[in-house]
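Me: I would like to learn how to read a protein model. Please take me through it one feature at a time.

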Amino acid sequence: MSQRQEADAYLKQLEAYANAMKSSVGVPVIVDPKTNVATWYDQREMRLRFLISVEKTRKFFEALSEGKVLATRCKQTGEVFFPPQVDCPRVKDGEVEWVELPREGELVTYTVIYTKPYSFGHYDDYTVGIARLSNGVQVLAWVRERDPKRLRVGMKVRLEVVKREPEGYLTYELVPEQP
């Protein structure tokens, strides 16, 4: 059973208990057996869909469709920002310019995600890592490797644009270089 299926089963049990409480005492209050804390069980399902303006970083998303990963660089200090920022925090009114990130890097650290947020429950366990690219910028991304035992801190990785399924959107991930 997947983690998401387990969570759904648990929520069904909670709902059944809340319905029983509603029938007997009139309110869907559940008392936690460990803490003895009363908790209201809201029985309205909430599905979140949201829109977030990405106008100021639109160029980043457009570049993904061209197979590029962009960052921004402060024109005054030369500092590179990833994820891209539209303002330099060190220079008041500092201008930034768009730069393409190099593809080559080195794995700094990684972890395997076994316990996923509910919205990621449909994915198998996955690995997330941080790579230091050849220009010094560090990138956090999923690592394309089914067997985490093959990963080593310090190994060479490539930053690649990929289509994340089943959602079908473009993103980037780290791909270990095979010796």
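Me: Which strand gives the most to the lining of the second largest pocket?
Reply: Start with the general idea. Rolling a probe the size of a water molecule over the atoms shows where empty space is left. Here, S9 gives the most to that lining, with three residues. Keep in mind that this is a predicted model: local features need pLDDT of at least 70, side-chain atom pairs count only at pLDDT 80 or more, and totals for chains, interfaces and linings use all residues. Residues are numbered from 1 along each chain as its sequence is written, and side-chain values use heavy atoms, with hydrogens and water left out.

Me: What counts as a pocket, and what counts as a strand?
Reply: A pocket is an open set of points on a 1 Å grid over the protein atoms alone, where a 1.4 Å probe fits, with protein on both sides within 12 Å along at least five of seven lines; lining residues have an atom within 4 Å of a point. Strands are DSSP runs of E, at least two residues, numbered from the N terminus.

Me: How much space lies in the second largest pocket?
Reply: About 390 Å³. That volume is the space filled by probe spheres set on the points, which are joined across faces, edges and corners. The lining has 18 residues, and the closest to the pocket's centre are Asp125, Tyr126, Val143, Glu145 and Arg146. S7 (126-133), S8 (138-143) and S9 (156-164) each supply at least two lining residues.

Me: How many of the lining residues are nonpolar, polar and charged?
Reply: Eight are nonpolar, one is polar and nine are charged. Here Ala, Val, Leu, Ile, Met, Phe, Trp, Tyr, Cys and Pro count as nonpolar, Asp, Glu, Lys and Arg as charged, and the others, Gly among them, as polar.

Me: Now strands. Is S3 largely enclosed or open?
Reply: In a regular strand the side chains alternate between the two faces of the sheet. In S3 (residues 70-74), four of the five residues are buried, so the strand is largely enclosed by the rest of the structure. Buried means under 20% relative accessible area, exposed over 50%, partly exposed in between (1.4 Å probe, protein chains only).

Me: Which strands are joined to S3 by bridges?
Reply: Two strands pair if DSSP finds at least two bridges between them. Five bridges join S3 to S5 (residues 96-100), and the two run antiparallel. Arg73 has Glu97 as its bridge partner in S5. Two bridges join S3 to S4 (residues 80-81), also antiparallel. Thr72 has Phe81 as its partner in S4. S3 and S4 form a hairpin with five residues between them, and Gly78 in the turn has a positive phi of about 80°.

Me: How many salt bridges does the structure hold?
Reply: Side chains of opposite charge can pair when their charged atoms come close. The structure holds 12 salt bridges. Each is a side-chain nitrogen of Lys or Arg within 4 Å of a carboxyl oxygen of Asp or Glu.

Me: Where do Glu79 and Arg90 lie?
Reply: Their side chains meet in a salt bridge (2.9 Å, N to O). Glu79 lies in the loop between S3 and S4 and Arg90 in the loop between S4 and S5, so the pair ties together parts 11 residues apart in sequence. Glu79 is partly exposed, at 26%, while Arg90 is exposed, at 59%.

Me: Which residues are linked in a network of salt bridges?
Reply: Glu55, Arg58 and Glu62.
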